[in-house]
Amino acid sequence: MIACQGDHIKLAAAHIRQLCCVRLGLLLILICCLPACSERATNPIQHTIFILKENHTFDNYFGTFPGADGVSRGITSTEQKVPLTPMPDIYRGELCNGWDCAIEAIDGGRMDRFDVISPGLGAYVAAPEQDILNYWAYARRFALADRYFTSVHGPSLPNHLFTIAAQSGGVIDNESSSGAGVSCDGTPSGTVTVISPDGTRTEQSACFDFTTLPDRLDAAGVTWKYYIESGNGIFDDIRQFHNNPSWSKNISTTAQFVSDAQTGNLPAMSWVVAPYSASEHPPNSICDGENWTTATLSELMQGPAWNSTAIFITYDDFGGFYDHAAPPQVDQFGLGPRVPLLIISPFAKISYVSHTVYEHSSILKFVETRYGLAPLTARDAGASDMLDSFDFNQTPQPPLILQTRECPQ
């Protein structure tokens, strides 16, 4: 009897070990599957489009949008609460959006020194809803993110580098025309300010060797293009672009983007840098900029790619305008002040306001998740994949074709 009981105990123990092994095996399979499962979740998206405009904050455009974290009043350095007054279509206020100005305005998260970086209350303005009706219409139909921050405290150049590489190579400001720099093609150029981990600033040539998302896409056989009005844009500052002549075929014009959208020739990943006249960078007309966006989206929505597309429309930096939301400080470079982000897709959640923290690297993370690519830096590794703004099980949304409007003279 005792021997039989011992046999039963041994059998039961063996059965338990077998069950544990099976469950452990299933758990390991599930863990290993997670990246692939995330990739499959985004499979409807065959075309990701990153449209980059310039120099506006969230409060400057969407501070009164229903359900969003916005304000219509700002705080000054003297703790006064002042209204964000209506901004004219062509704004000629004196604004500062450099690295030092951004850090000054943020003021350790108090967001109260925008009057210090610009004369008077020039930063405390906001576009009336009726002046950006189409942007509000897209936000009401599709998704709007109210926690999208710039990647760097500073202006365009370092943030543009983040849009392709999830880093700036230490750059904190735009290129200076002075200095004895050498461009990537070997010709004389200005220099850029680079900051080291200990805060030391040096002036260096604007030519960088770090890995970019296009490098990852090429290695994976995923197509991409960078559409810009003229020239090579940020790729002039990337050494491998100049060392790899085949990359030149990936640089095209914004007019070609419209043609590719109409003819079904869009790549898997597109960067679209709005022409300067349509960028909304002050003093350029907001109306002209919105009209360009509206016309471009209408062509895209009526083309064959609409049903498999995700479009992200955002702004490279804050432009010096007021915003009340304190940026999380994830490292030495940012995050910088908040800017608008519209997410437009048949699979964007309907009338959704995302409160998830995003930055420029998040759009790269979305693409990396879609194609199972390794992250470029700690920034995109730690960024949100933005999937909270999508519902791939919903009935795909139809296009929203809007009309351009007559702009003030």
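**The disulfides**

The link of C287 and C407 is left-handed, with -85° about the S-S bond. C287 lies in helix α10 and C407 in the segment after α12 (378–382), so this pair ties together parts that are 120 residues apart in sequence; helices here are DSSP runs of H or I with at least four residues, strands are runs of E with at least two, and both are numbered from the N terminus. The sulfur atoms of C287 and C407 are 2.0 Å apart, where a disulfide is a pair of cysteine sulfur atoms within 2.5 Å. C287 and C407 are both buried, a word that stands for under 20% relative accessible area, with exposed meaning over 50% and partly exposed in between (1.4 Å probe, protein chains only).

Before going further, the model is a predicted one, in which local features need pLDDT of at least 70 and side-chain atom pairs count only at pLDDT 80 or more, while totals for chains, interfaces and linings use all residues. Residues are numbered from 1 along each chain as its sequence is written, and side-chain values use heavy atoms, with hydrogens and water left out.

Helix α10 (residues 286–301) also holds T294, which counts as buried at 1% relative accessibility. Leaving aside neighbours within four places in sequence, T294 is in contact (heavy atoms within 4.5 Å) with N134, Y138, L402, Q403 and T404.

By the distance rule, the count comes to three disulfides. Another of them joins C184 to C207, with an S to S distance of 2.0 Å, and the torsion about its S-S bond is about 115°, so the disulfide of C184 and C207 is right-handed. This pair links distant parts of the chain, 23 residues apart: C184 is in the loop between β8 (176–182) and β9 (188–195), whereas C207 is in the loop between β10 (201–205) and α7 (213–220). C184 counts as buried at 11% relative accessibility, and C207 counts as buried at 13%.

There remains the disulfide formed by C96 and C101, whose sulfur atoms are 1.9 Å apart. The link of C96 and C101 is right-handed, with 90° about the S-S bond. C96 is partly exposed, with a relative accessible area of 22%, whereas C101 counts as buried at 16% relative accessibility.
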